[in-house]
Amino acid sequence: MDSTKEVSIDLLKGLLVENTMIKVDPETINEETILFGEEGIGLDSLDALQMIVAVEKRYGIEIKDPTMARDALQSLGVLRDWIQTRLTSTSVS
Amino acid sequence: MNTSKANTPHGPGFRFIDHFELAQEGQRGSAEFHLHPDLWFFRDHFPGNPLMPAALLLESAAQAAGILWMSLSGPAAEIPTTPLFVAGVDSLRVLGPAYPGDTLRTSVELLKEFGTLAQFQVETATEAGVIFRSRLTLSRQLKG
């Protein structure tokens, strides 16, 4: 697999640390940690935009609207699966 | 290019764009602002050594980004009444000074529009070269 297309929790956590204002120790974030809202680690809409731009740049996947982003950015595990699904459908089509 | 006199919601004392040009292709534009030696901030920043404050270079770039966003969003007539707010600043670099008599030329490109937010790449130059570069995020809502 092209190394730029690798999708892993560690890699996505790296994008999260580089591009958002997380207020918790990154070591405490796992693939099931809720990222946004009061029940999560408190990321906001600006953090979402930063992550979207980072994901688009790295994987070439366009995230068009806030509803799609909300679905994809629930947690790092959900984001990993979401990206893998789109990369697979892109390579097949 | 679609050239227009810059309209922003700001009052005249806090407007740092004279003219704005919207590129015909792509989501980009360019703005100009002449630094008249009588501008209010030169007197005290600094006495005897006037420079445009970096914070105002950022404000000028943000105003250019705002004009671009509004120009891409709707009729030009709506621009003066639509306030936008700086929500984020990333990768900011001040690369040189802006002196009285210089003309700031700011190029701005819309990178991503997302709900009430939009992110832009901005770069400002004078005759001496590029003096300011940043990635800015504007919001249609004042976060409270």
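Two strands are said to pair if DSSP finds at least two bridges between them. In the predicted model described here, this criterion applies to strand E3 (residues 28-34) and strand E5 (residues 103-114) of chain B, which pair in the antiparallel sense over seven bridges. Within this pairing, B:Phe33 stands opposite B:Leu104 of E5(B).

Strand E5(B) also pairs with strand E6 (residues 117-126) of chain B; nine bridges join these two strands, which run antiparallel. Here B:Leu110 is placed opposite B:Phe120 of E6(B). E5(B) and E6(B) form a hairpin with two residues between the strands, and in this hairpin B:Gly115 adopts a positive phi near 60°. In a regular strand, the side chains alternate between the two faces of the sheet.

Read from the N terminus, the elements of chain B follow the order β-β-β-α-β-β-β-β. Of the 144 residues in chain B, 31% are buried. Among the contacts in chain B with a separation of 6 or more, 64% involve residues 24 or more positions apart.

Chain B also meets chain A: nine residues of chain B are in contact with six residues of chain A. On the side of chain B that touches chain A, strand E4 (85-94), E5 and E6 each supply at least two residues. The largest contribution to this side comes from E5(B), with three residues. By class, the side of chain B that touches chain A contains four nonpolar, four polar and one charged residues.

How values were computed: Residues are numbered from 1 along each chain as its sequence is written. Chains are lettered from A and ligands numbered from 1 in the order in which they are written. This is a predicted model: local features need pLDDT of at least 70, side-chain atom pairs count only at pLDDT 80 or more; totals for chains, interfaces and linings use all residues. Helices (H or I, at least four residues) and strands (E, at least two) are DSSP runs, numbered from the N terminus. Two residues are in contact if their C-beta atoms, placed from the backbone, lie within 7 Å. Ala, Val, Leu, Ile, Met, Phe, Trp, Tyr, Cys and Pro count as nonpolar, Asp, Glu, Lys and Arg as charged, and the others, Gly among them, as polar. A residue is buried if 20 or more other C-beta atoms lie within 10 Å of its own, exposed if 12 or fewer, and partly exposed in between; C-beta atoms are placed from the backbone.
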